[in-house]
Amino acid sequence: MTATVGISSTHPKTMPAGHADIPVWNSENWFYEDFEIGHKIRSLRRTISEGESQQFNALVLDMHPYVSDQIFAETEGLFGKRLVAGAFVFSAGLGLVATNCINAFSYGYDRLRFIKPTFIGDTIYTIRTNLDKQPKYRDLGLIRSSYEVFKGEGELVLYCEHIQTVRYKDGRPADAPELKG
């Protein structure tokens, strides 16, 4: 795949032209045709702290004893220590490989599974793999990618598949159905 990260800019009219011409960091301008099946990227690692875990729980009102009650987790819990909420592992794991493709829009997630528990202090990283693509609408095709979140030295903790609609570079392919509605 030809590198396209940072080649194009969004050229916003609300800033000086010299600034608008600078390519956007961490932004791809890939089109449907540019996605290669089997292409993989790996994120940097990040350690999940107690503070951010608790902030996430408070933000989404997840006060389950396994994620918010140290005494319960240590004395009555199955794992003997507090968990990181699965929704936070999902959010942080996907965020690690989010590249802000300016031609793509999230369509949804399939096959989300929490394989193993993640604990406060665990270090995670993510591998994204492009699985398949298919024409869908007049202006957009579908790209399906797997997201595998690992902790430590390679223990799989989360798996899901992300489906995105992605703009065609050269217009609707002949086999794409007409968009209705």
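Arginine 82 is buried, with a relative accessible area of 6%, where buried means under 20% relative accessible area, exposed over 50%, and partly exposed in between (1.4 Å probe, protein chains only). The side chain of arginine 82 meets that of glutamate 50 in a salt bridge, at 3.1 Å from N to O. A salt bridge is here a side-chain nitrogen of Lys or Arg within 4 Å of a carboxyl oxygen of Asp or Glu. This pair links distant parts of the chain, for arginine 82 is in the loop between α4 (70-75) and α5 (86-95), while glutamate 50 is in helix α2, 32 residues apart. Helices (H or I, at least four residues) and strands (E, at least two) are DSSP runs, numbered from the N terminus. Glutamate 50 counts as partly exposed because its relative accessibility is 43%.

The model is predicted: local features need pLDDT of at least 70, side-chain atom pairs count only at pLDDT 80 or more, and totals for chains, interfaces and linings use all residues. Residues are numbered from 1 along each chain as its sequence is written, and side-chain values use heavy atoms, with hydrogens and water left out.

The protein as a whole has five helices and six strands. Along the sequence these elements follow the pattern α-β-β-α-α-α-α-β-β-β-β. The C-alpha trace spans about 60 × 40 × 35 Å along its principal axes. Of the 181 residues, 38% count as buried. Contacts (heavy atoms within 4.5 Å) also show how the chain is arranged: among those with a separation of 6 or more, 69% are between residues 24 or more positions apart.

The accessible surface comes to about 10500 Å², and carbon and sulfur atoms hold 54% of it. Such areas come from the Shrake-Rupley method with a 1.4 Å probe, and for residues only the protein chains shown count as cover. The protein has 20 positive and 22 negative charges, whose mean positions are 4 Å apart. In this count Lys and Arg are positive and Asp and Glu negative, with His and the chain ends not counted. The place of a charge is taken as NZ of Lys, CZ of Arg, CG of Asp or CD of Glu.

The salt bridges number nine in total. One of them joins the side chains of glutamate 52 and arginine 46, at 2.7 Å from N to O. Arginine 46 counts as partly exposed, with 24% relative accessibility.

Another salt bridge brings together the side chains of arginine 111 and glutamate 161, at 3.5 Å from N to O. Arginine 111 lies in strand β3 and glutamate 161 in strand β6 (residues 155-167), so this pair ties together parts that are 50 residues apart in sequence. Salt bridges that share partners join Arg111, Asp132, Arg144 and Glu161 into one network. Arginine 111 is exposed, with a relative accessible area of 54%, whereas glutamate 161 is buried at 6%.

Leucine 61 is found in the loop between α2 (50-60) and α3 (65-68). With 72% relative accessibility, leucine 61 counts as exposed.
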